[in-house]
There are 2 protein chains.
Amino acid sequence: MAKSADIYYKLDPWKIIEKGFNKEYAKVSESVFSLGNEYMGTRGSFEEGYSGDSLIGNYFNGIYEAAELEKSGYKGIIDRTEFIVNSADWLYTRIEADGESADLNTSAFEDFERVLDLKSGILTRSYTWNLRSGKKIKLEFERFLSMKEAEAAVQRIKITPVDFTGGIILSSGIDFTQIHHMTGKSMWNVVDIASEDTAISMLGSTVSTDQALLVSCLFQCDYSSKSDCREEKKLVRRFVLAAEEGKTLEFTKIIRNISRKGTGKEDKEAFDKKCQENFKVLRALSYEKLKEDTLNWWKNTWEDSDIAIDGDELNQQGIRYCIFQMHQTYHGADKGTIIGAKGLTGEAYSGNTFWDTEAYCLPFYIFNNTEAAKHLLEFRYLTLTEAMERAKELDCKGAFYPIATITGRECCSLWQHASLQLQASTAVAYGYWHYENITGDEEFLFNMGLPILIELSRMLATRGDWSADKTRYGFYGVMGPDEFQMMVNNNCYTNYLGKKTLEYTLDVLNRCSEKAPDRYQEVIKERGLTAEEVKYFRSIAEHMYIPYEKETGVFEQHEGYFNLPHVDIDEIPIEEFPLYHHWTYDRIYRNDMLKQPDVLMFMLMYNSDFTEEQLRSNYEYYEPRCIHESSLSPSVHSILASQIGKEEEAYKFFGFATRMDMDNYNRNTGEGLHTTSIAAAWMNIVYGFGGMRSDGKELSFAPSLPKEWKGYSFKIHFKEDVLFVRVDGKNVKITSKKGAGIPVLIYGKPYTLGKEELVIPISR
Amino acid sequence: MAKSADIYYKLDPWKIIEKGFNKEYAKVSESVFSLGNEYMGTRGSFEEGYSGDSLIGNYFNGIYEAAELEKSGYKGIIDRTEFIVNSADWLYTRIEADGESADLNTSAFEDFERVLDLKSGILTRSYTWNLRSGKKIKLEFERFLSMKEAEAAVQRIKITPVDFTGGIILSSGIDFTQIHHMTGKSMWNVVDIASEDTAISMLGSTVSTDQALLVSCLFQCDYSSKSDCREEKKLVRRFVLAAEEGKTLEFTKIIRNISRKGTGKEDKEAFDKKCQENFKVLRALSYEKLKEDTLNWWKNTWEDSDIAIDGDELNQQGIRYCIFQMHQTYHGADKGTIIGAKGLTGEAYSGNTFWDTEAYCLPFYIFNNTEAAKHLLEFRYLTLTEAMERAKELDCKGAFYPIATITGRECCSLWQHASLQLQASTAVAYGYWHYENITGDEEFLFNMGLPILIELSRMLATRGDWSADKTRYGFYGVMGPDEFQMMVNNNCYTNYLGKKTLEYTLDVLNRCSEKAPDRYQEVIKERGLTAEEVKYFRSIAEHMYIPYEKETGVFEQHEGYFNLPHVDIDEIPIEEFPLYHHWTYDRIYRNDMLKQPDVLMFMLMYNSDFTEEQLRSNYEYYEPRCIHESSLSPSVHSILASQIGKEEEAYKFFGFATRMDMDNYNRNTGEGLHTTSIAAAWMNIVYGFGGMRSDGKELSFAPSLPKEWKGYSFKIHFKEDVLFVRVDGKNVKITSKKGAGIPVLIYGKPYTLGKEELVIPISR
């Protein structure tokens, strides 16, 4: 693997610390120091301006723009795509003294330090600015997004003239001129500007999607000399501050950002009302209260979500950073928000959400924030109509969920992904099934899951086909999650998940008809489901072809995979990675090399369907063929390696997971964080070393301790309780917070968890 | 099949006649009445102007423009494409009387007739124009391109005031404002305009490719009142003609078009010199001489190229039209010219040339114009460098010939075709082999063929791969000529042609080393060919995997094809054709349906490799699976059906061939003629009913007579002689023009052809 870590930040169990500023790392740090609160996200850019390489990015969940694509002339290939849009820079600040502007790219400075405190969500930064005039000014910056009032954020700047008394000019405001970097254009029109004595605001609307964003700032500072500088898309208030040697000036900016996603009349009226009341609400916000609420929010969150690792400072810092970013990105505060592939930290992948949501992120939320998990699944219900439209475009019945989306519409312009990958669809079924398996929430399932399952089954019944001899059903011309095998037949993952989806649909139909007959009748009627259809679902589920070699116990990734030319991946020169850049496009698809696991993936998702022997055979067959060009890949390998007792491999593959972004493994963290990999890191510890399995009838654990660690612990939400699992050199210790008497399996044996600590010797 | 014929033109053995003008058919007729002389082509548009639907198209072989494409970000996908460019309208004319302009879209008219005389290549047209003022003017148009002086063309207009005496205004000139319809833009800058007493000229240059075109006209007419109207890109001379009742005014315009393809200093100097001498040369041209030469050219051509059919007027007219268009499009006058998919009759397929050249067109030239065949093959030699560049882009060694090209560079922007189809490359080897097999021209082979064969073999040795168990060599991730099966492994056609290419390379290397050792040493050195490479070529040829089912004798189109879901093509509703427009793109690729034959194709190309039993088994297996969405498909089926005695099917599939464009079968003749299908129509008769085979050691014939016909005859050039094959109700009669004593097989038995007619009873 042509990957290596740059350990750039200082080690600390609860903080990400940058000591001294390395310009080479400017954009990576902008991503790493991103803040988010699900509603909005802001990259860790220098608010005082930075003339070096930078991506000032401010994103709002669900605020997007669209681009028309060249018409392909072929059916089912999209001609319009949507992307999360970079919006106003609401942290905009400039600091001037003696005619010089603070700019870490050109100014002289010392004692630079930047700290992200994971416990509080507060980002601070400080340095001493050495002016060309010989003077020194100490600058301290603080910012945070409120975790309670999602629209609110705070910026505080402290300015201390170290060795002089005189004027310092601070300009602060709102900048709507920021371009969207992927398109090179500003995607905003400014439709209103307002300014009052202590507050200003700007109202922008997206150029083609008719969404809106009101950004407003309340300034708290020395107001003796101020003036406004108003441009078409920029409003800046200029304060001339009388600074006294050694005395610290404090400047606070309280920001309120109101976004309008909907474009209907009601949405607009509600938004207009909020805008009218905005300054009043804004003035009522206080730094202290916002901070207190945010600290409390994080305190509560960590109390039930922490993972502690004893004896591995790197991964301790890494995993807490992951958990922090997961909660920042999404915590189910709002229905209809999504988890973009880069969260709210960059423009790459267009802010679109992928199957990663259900396959990788959902487990984190199921076990950390059940409500959030539910809301994630609800997004697919809210976009069922779009998925049905898409199915029609693809000559299918039912619902075909998009590979990449913001609003539910397919945004992936590469037909070979958008038309051939069924994994987004089956992952929705998997997500509902997984959620229900843990929560037992049948009401939600019957209300939202069932209509989806019916439409998914319809899609599976029309997208698939019977083999030439009519004995086997399967999917032809598909691409599995392993994107190095394109347009194959009977991809094992696709067929397996298809079978599972159909079986689950039949199961839920059955249960709904028994337990909620009214709802059942309602759904059947609403969906026009016939007995023939249900019979056909059963038939194709029964006849689903799962390529499998009995003698070896190895599933064949797709029909014919075993005959493919073999590539010894260890012989590929390091400089040829990433392969997408160095190998001709089609060459990648002509051999047995995998980008990420297909067979191992479904063997993890439906783990209890397989024997350990099967897991071993398949792991040993596929692992050497996988190059992990997806950041999601190593964790799956680590978890399964752990399960089959390959402790060293498990630890080796874990190495990638918690620090992928902090250490810029993939050399592209500057574009934004690998948010969904962050979720995989959590799984890697809980499912991997913790040996948790959530696909069986009972929750089970089979912890092991990497020899590099002294111990570790994790917490998970389960059935309205919180389980606390600790593993030390000898024992596994489990308690439940409320002592609700939860039945679990540990190393395969049944136990009931109470408040009292259950202590079991590590047996792996 | 959702296709049906519109019999619009009148039947005549030597003419295409349009009686009365149907606007619905305007664009189809523009294509059908196209004239060409390899150097240039002009569509059959109304020169006097037509305000209805029209594509005025004037194309020059090798004069092209380029377009930059969106960068794909993946390696090996092109970001620039080239297309033949529409150029000046040099037939531009307007006829006015009483303030009205002749325009067949808006004017009243009667007695419209348009005739293309296939014997002479002259297009005439006449009608009586009924003016709104009540007057009548008879208009007669004649045009032809010189088949001797390729740069020259003639337009003659006769104007007869039927019932009045008065002024008629005729304007005529050169119009460089014509847009290229595919891009919607004019692709020309006009850099010089000149006018003299009886001649005018305009010099244009292409906007980005720096090519040039000098268009000049010499006017012969009543010059008493003339004036010039000069615009930026248009120069028109206006003649006020004093017309006398019943007296015919004659207007003649002799056109000379000089194009410059090359952009080097020498090219430019030579071109400038030609431009300077242009008016002198132009003035020396005469209508009579140009016409005489052209008539002679066609007379000679028909003498040795005609196919006569007794008892089938439709196909008699059809096949002569095909032969006529083949000679118009290409006759080897110039090296480096190509046969575009639409010849010089439209912009569709960008004027690019495809594998059709070697697979479908070359046989026609081998047996009608050997020199032309040689020049066609030479084009691939002249573009070997570009093919080697392309191979590099695709991570291969050697040469990878483009799927679509004008200058040798790949112009196909669909990676799934440009990267996966090897057929253009192997067709080059096939072409050289076929040419040599008939001509025995080893000198040409050693000089031009051998370097190509070496580089093709190198490509095959690097593009292919060994199966997992290392026992079989083959090509993975390919698309065969049947474009309904994408990214398959071990496509039988590709592997078979690959094997043949390698074997031929080894054979030619061997023969060259024996017969021309100096040339052999030169090539080996120039190409750096090593003994290891040659050994490897032999090894992969020997181990080439040809999927074949012994029990049934059926070749499997690709590994796994037999397991594909079956589509009963008779059950596809007619309104779903063409499938590319009605089925989602990926759906086309998910079953056993064929667009055009793969297995049957190579069984025709290397016919003597197979037993009749094998041909039958494969025909019977594949024919019902083929929807013939390619216009090249039916002829292959017809020829093989003939061979295995399925006479009715042979005739049924032939039905499509000769009249495809005249009857607008594919509903897109308006875009241009299906030039390569025209070639297939010739093959259909000669190889099909005539049962000629040219892949064996001797040329062989096995004629049959469709029961719908009374008889037929065809002529072919062979070994500097011309064979004349006649088939009537009872016998096959063959003579040779020179009586050179050519050995042939007839129904498998050897004969030697002399001047004396050989008469053999039909035995099929």
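Is A:E483 buried or exposed? At 15% relative accessibility, A:E483 counts as buried. The cut-off for buried is under 20%, so that value falls on the buried side. Keep in mind that this is a predicted model.

Why start with that residue? UniProt lists A:E483 under "active site", and the entry is unreviewed. The annotation may be inferred rather than shown by experiment.

Where does A:E483 sit? Look at the loop between strand 22 (473–474) and helix 12 (492–515) of chain A. Now its neighbours. Leaving out residues up to four places away in sequence, A:E483 touches A:H417, A:Q421, A:Y580, A:Y589 and A:K595. One of these, A:Q421, makes a polar contact with A:E483, side chain to side chain, at 3.1 Å.

Next, the interface. How many residues of chain A are in contact with chain B? There are 38, and they meet 38 residues of chain B. The area buried between the two chains is about 3,300 Å². Carbon and sulfur atoms give 57% of that area. Three residues deserve a look here: A:Y74, A:Y585 and A:R590. They supply 19% of the area that chain A buries against chain B, more than any other three residues.

Between chain A and chain B, the count is 4 salt bridges. For one pair, take A:D586 and B:R463: they form a salt bridge, with the closest N and O atoms 3.4 Å apart.

Which elements of chain A give two or more residues to the side that touches chain B? They are helix 9 (415–418), strand 21 (465–466) and helix 15 (579–582). Helix 15 gives the largest share, 3 residues. By class, this side of chain A has 18 nonpolar, 11 polar and 9 charged residues.

Last stop, helix 18 of chain A, residues 633–643. All of it is buried: 11 of the 11 residues. So the helix is largely enclosed by the rest of the structure. The buried residues include A:H637, A:S638 and A:Q643, as well as A:V636, A:I639 and A:L640. What covers them? The cover includes helix 6 (356–366), helix 16 (599–605), helix 17 (612–622), helix 19 (647–654) and helix 20 (675–689) of chain A. Just after helix 18, A:G645 takes a positive phi of about 80°.

Technical notes. Residues are numbered from 1 along each chain as its sequence is written. Chains are lettered from A and ligands numbered from 1 in the order in which they are written. This is a predicted model: local features need pLDDT of at least 70, side-chain atom pairs count only at pLDDT 80 or more; totals for chains, interfaces and linings use all residues. Side-chain values use heavy atoms; hydrogens and water are left out. Buried means under 20% relative accessible area, exposed over 50%, partly exposed in between (1.4 Å probe, protein chains only). Helices (H or I, at least four residues) and strands (E, at least two) are DSSP runs, numbered from the N terminus. Contact means heavy atoms within 4.5 Å. Buried area is the accessible area (1.4 Å probe) that two parts lose on being put together, summed over both. A salt bridge is a side-chain nitrogen of Lys or Arg within 4 Å of a carboxyl oxygen of Asp or Glu. Ala, Val, Leu, Ile, Met, Phe, Trp, Tyr, Cys and Pro count as nonpolar, Asp, Glu, Lys and Arg as charged, and the others, Gly among them, as polar. A polar contact is a pair of N or O atoms within 3.5 Å; within protein, one must be able to donate a hydrogen and the other to accept it, and residues adjacent in sequence count only if both atoms are side-chain atoms.
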